[in-house]
Amino acid sequence: MDKQNSCLCPLPWIGLEIRADGSRSFCCIANFNFAKEIKSGANGELGSIKQALLKNIKHEACSSCWKLEASGISSRRNKLNSILGDKYKKIEFNITDTFEPTFLDIKVGNGCNQKCLICGPESSSLWFNEYKYFDPSLPLKRNFNLTKHKELLAESIQKAEEIHIAGGEPFLFELELSEFLELSVKSGKSRKQTLLITSNGSIYPAHLIEKVFPHFENVKIHLSADGIGEQFDYQRFPGKWAIFLENYKKLQNTAFFDGICITLSCLNIFYLAEYLSFWDSLSEQKVFINYLFEPAFLSIEKLPKQLIDRVVRHLVQQEFKNMSFNFLISEILQFLDNAENHEKTEVDELVNFLDKHDKYRDLKYETHFPEFASLLKNTWHEKTP
Ligand code: SF4
């Protein structure tokens, strides 16, 4: 089956995302939830999604991928199609009424020691009080983690070939994670499993690195850094850049570090070239870009045209030693060029959001991002009589 020239994606056939509250999907960015019985999804809505993809129809459950691909950006689907290699060849796409997941995506819990502005209480327990302060009626759970779903995890890990793990901050759960991964080590399955773990870089997981990861076929650790220096500290409050950098350097000396992840939002897009220059100066080989779409007022596709023009002018000023960074910038420029909502400004919502949370946190966006804050406020004043 030709995966490049079709809408095919492996995840509706082999993906299982298990979230910390026990809810499940086949993909973390698909608009889909399994009902209580996973198997029931194989014939129902999941079956129709598979049928649609087989017929080359862009099912709306996967709109996050179609949106990026329409702008010429490599989507999660494109990336998976290329990284799964031989594992991809084993998938029986023509069989649409069974569901045997081998690609496990686990969110270990919402326990986190940072409350990034692009995140929320479902993925960070630290957000709880701040959300409640602004809206005490919100039905939120303070803490949840996967220890309640041990049986489901134990069963799923034995069938998995690829295991992706995120949080909250997964290394805050180092003990639970070790116990869970050791199930696979004991059964010998780990020798044929790939692990990908995304961390905020605040913790160095010594036990996992020394005792557990060496038993897996392949382990990749990605560190999320949406900025550098004081812009990191602001966006990932109360995370500390100095601690991140120290752990980054330690992890780089292991066999398991695989790259830096930057989630692009209105907060940091103007400074992306500076961030890439920094990683270039350290000869970092891999930087991955994620695009934020929700909430809409933080998404770069919603920036008004005059701000996009300023961002573009700033981004094109830099050339990098690492050619893949030049490619990343060209992809982003293409995405901004295709952004649909140039005229519909969401700037007022963004400015109000920053003011509100800055007051609560006793911080100031304009202190750390002076150039873009001034462009933002000028656009807001032009618009607000
Ligand atoms: S949203 Fe994208 S990656 Fe997820 S299942 Fe759909 S096509 Fe695949």
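Biologist: Where does E301 sit?
Modeller: E301 is in the loop between β8 (287-291) and α14 (305-315). Those labels are DSSP runs numbered from the N terminus: helices are H or I with at least four residues, strands are E with at least two.

Biologist: Before I go on, what kind of model is this?
Modeller: It's a predicted model, so local features need pLDDT of at least 70 and side-chain atom pairs count only at pLDDT 80 or more, while totals for chains, interfaces and linings use all residues. Residues are numbered from 1 along each chain as its sequence is written, and side-chain values use heavy atoms, with hydrogens and water left out.

Biologist: OK, back to E301: buried or exposed?
Modeller: E301 counts as buried, because its relative accessibility is 7%. The cut-offs are under 20% relative accessible area for buried, over 50% for exposed, and partly exposed in between, using a 1.4 Å probe and protein chains only.

Biologist: And which side chain does the E301 side chain make a polar contact with?
Modeller: That of K67, at 3.3 Å. A polar contact is a pair of N or O atoms within 3.5 Å; within protein, one must be able to donate a hydrogen and the other to accept it, and residues adjacent in sequence count only if both atoms are side-chain atoms.

Biologist: Zooming out, how is the protein divided?
Modeller: Into domain 1 (11-89) and domain 2 (103-383), with bounds that come from an automatic or database domain assignment. Taken over C-alpha atoms, their centres are 22 Å apart.

Biologist: How much area do the two domains bury between them?
Modeller: About 2,100 Å², with 59% of it on carbon and sulfur atoms. Buried area here is the accessible area (1.4 Å probe) that two parts lose on being put together, summed over both. On the domain 1 side, I18, A20 and K87 supply 30% of the area buried against domain 2, more than any other three residues.

Biologist: How many salt bridges are there between domain 1 and domain 2?
Modeller: There are 3. The rule is a side-chain nitrogen of Lys or Arg within 4 Å of a carboxyl oxygen of Asp or Glu. There are also 8 residue pairs in polar contact between the domains, both residues at pLDDT 80 or more.

Biologist: What residues are linked in a network of salt bridges?
Modeller: E17, R19, R76, D105 and K107. In that group, E17 pairs with K107 at 2.9 Å, N to O, and R19 pairs with E17 at 3.0 Å. E17 is buried, with a relative accessible area of 3%, whereas R19 is partly exposed at 22%.

Biologist: How many salt bridges are in the whole structure?
Modeller: The search finds 14. One of them joins E155 and K159, with the closest N and O atoms 3.3 Å apart. Both lie in helix α8 (residues 150-159), 4 residues apart, about one turn of the helix. An α-helix has 3.6 residues a turn, so residues three or four places apart point the same way.

Biologist: What about D258 and K286?
Modeller: Their side chains meet in a salt bridge at 2.7 Å, N to O. D258 is in strand β7 (residues 257-264) and K286 in the loop between α13 (272-281) and β8, so the pair ties together parts 28 residues apart in sequence. D258 counts as buried at 16% relative accessibility, and K286 as partly exposed at 36%.

Biologist: New topic: which residues does a cis peptide bond join?
Modeller: One joins G167 and G168, with omega about 10°, and one joins F237 and P238, with omega about -5°. G168 is in the loop between β4 (162-166) and α9 (174-187). Most residues other than glycine have a negative phi, and most peptide bonds are trans.

Biologist: So what is phi for N56 and for S283?
Modeller: N56 has a positive phi of about 70° although it is not a glycine, and phi of S283 is near 60°. N56 lies in the loop between α3 and α4, while S283 is in the loop between α13 and β8.
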